[in-house]
Amino acid sequence: MKWNKLLGKQRIGKDKSDAIDHDRSEFQRDFDRIIFSSAFRRLQDKTQVFPLSRSDYVRTRLTHSLETSSVGRSLGYMVGSRLIERHGLDLMPAEPATVVATACLMHDIGNPPFGHSGEDAIRDWFESTETGRNLCTWIGKKKREDFRLFEGNAQGLRNVLALQRAGNPGGMQLTCATLSAFTKYPFTSDYAGKKKKFGIFRSEVDSYSEVAEHLGLIKLDENKWARHPFAYLVEAADDICYHVVDMEDGYSLGLISFENIRDMLMDILSGDSAVLARINAMDENKEKVEYLRAMAINALVTSSCEVFIDNEESILTGKFESSLTEEIEKAAEFSLLKKVAVEKVYNSTEVIDTEAAAYEVLWKILEFFGQIVCELHTEEKLSTKSRKSVKLLPDLYKPTEGAGIYKNTQRIVDYVSGMTDAFAVRTFNKISGISLLRR
């Protein structure tokens, strides 16, 4: 892969740019389009770790995405500067920085309500319920995996290519560079493997093939490409924010002791005596944790940049099979953050209790609208009840007689995955009749 192609500014759905403002780059336009999109705005009420948390301090998907974008911008700027110096590229460092920042900004834009448990709930509904299994049986063998293995990453790509600005060819018409840097798993569900990870639904594979062609991405197999190099930076920014910041949230909620988080972050900083002296001079533990978090993120960003530059050749040839944070000098110490987070944060009572309730909420909604799709497929018309029920759906998500089973199923999944946590609960109350009882 070649850098001059990898940073191509071609927009999907447009033959040429219609930009008239010469003070903003094409990549800056991408950033602004994401910021002002409804899908991004809905992240303010979507779970990061703690669903429907009573604390205003802990992160939502929105704050997590903004923080990840900030870290990604630093990574993109540092790497971009090195690449310009190494290869004499006709770029400003701000351009790769903006590509990475934008991809980071949108990296969770396809996540359903209630965090990763929302993804699990959607997958399990298609696997475990009669209605879900019927829909999968009627859908073609390969397409059904889009639902049985539902992935927020693939839903995110669908959001920006098809659901946002749905009347446009190419949806938001982002640049190929931004779309590809965003796509962490550039392949369809055929290659999901044991981790059930993939980044492209069948409905978007033709569009992504066009992206890959414009950028010169290496094609590894049918519907499978090598990652855009900047996707590694996006992944690193997400990993850094996820593990370090979730620990900070865990401390704020009393799930992790100050001594525990202090020692783990100091290990990442190699026990830096200047940092230790600085925090010892502070009065409040909260202030100490925030300072340590900032210093740890800075150290991890610098280390990740070095790993990228050291492995540039294998990344460009599609042979780099690790993540940047797995190759940094402090990989073991960084991995410990994740281990402790799983034990003390992700499996805390607050998280588990709400995730269990999330299953009930999403399964009820999927069942309610899934039966409409089943009726259309088997009866080719809707019952009186279903004709009334379908009116609850916006036009974009309404199953229709001529759309086919795959597309109609995708519409209800689009609707459910786009919900915020609170809207999902309100919808559950509405279709269950609970909201009537509260009047």
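Helix axes here are lines fitted to C-alpha atoms over the stretch in contact, and angles run from 0 to 180 degrees between N-to-C directions. The structure is a predicted model.

H9 and H21 pack with their axes 12 Å apart, at an angle of about 105 degrees. Because angles of 65 to 115 degrees count as roughly perpendicular, H9 is roughly perpendicular to H21. On the H9 side the contact involves Gln155, Arg158 and Leu163, which meet Gln410, Val413, Asp414 and Ser417 in H21. By class, the residues of this contact divide into two nonpolar, three polar and two charged.

## The second largest pocket

The second largest pocket has a volume of about 260 Å³. It is lined by 14 residues, of which Arg158, Ala162, Leu163, Lys407 and Arg411 are the closest to its centre. The elements that contribute two or more residues to the lining are helix H9 (152–163) and helix H21 (405–417). The lining comprises five nonpolar, four polar and five charged residues.

## The H12–H13 packing

Helix H12 (residues 229–252) and helix H13 (residues 258–268) have axes that come within 10 Å and cross at roughly 160 degrees. The two helices are therefore roughly antiparallel to each other, and their crossing is left-handed.

In this contact, Val244, Met247, Glu248 and Tyr251 of H12 meet Phe258, Ile261, Met264 and Leu265 of H13. The contact has seven nonpolar residues, no polar residues and one charged residue.

Methods:
Residues are numbered from 1 along each chain as its sequence is written. This is a predicted model: local features need pLDDT of at least 70, side-chain atom pairs count only at pLDDT 80 or more; totals for chains, interfaces and linings use all residues. Side-chain values use heavy atoms; hydrogens and water are left out. On a 1 Å grid over the protein atoms alone, a cavity is a set of points where a 1.4 Å probe fits but cannot get out, and a pocket is an open set with protein on both sides within 12 Å along at least five of seven lines; lining residues have an atom within 4 Å of a point. Grid points are joined across faces, edges and corners, and a volume is the space filled by probe spheres set on the points. Helices (H or I, at least four residues) and strands (E, at least two) are DSSP runs, numbered from the N terminus. Ala, Val, Leu, Ile, Met, Phe, Trp, Tyr, Cys and Pro count as nonpolar, Asp, Glu, Lys and Arg as charged, and the others, Gly among them, as polar. Angles under 35 degrees count as roughly parallel, over 145 as roughly antiparallel, 65 to 115 as roughly perpendicular and the rest as oblique. Contact means heavy atoms within 4.5 Å. A crossing is left-handed if the near helix is turned anticlockwise from the far one by less than a right angle, and right-handed if clockwise.
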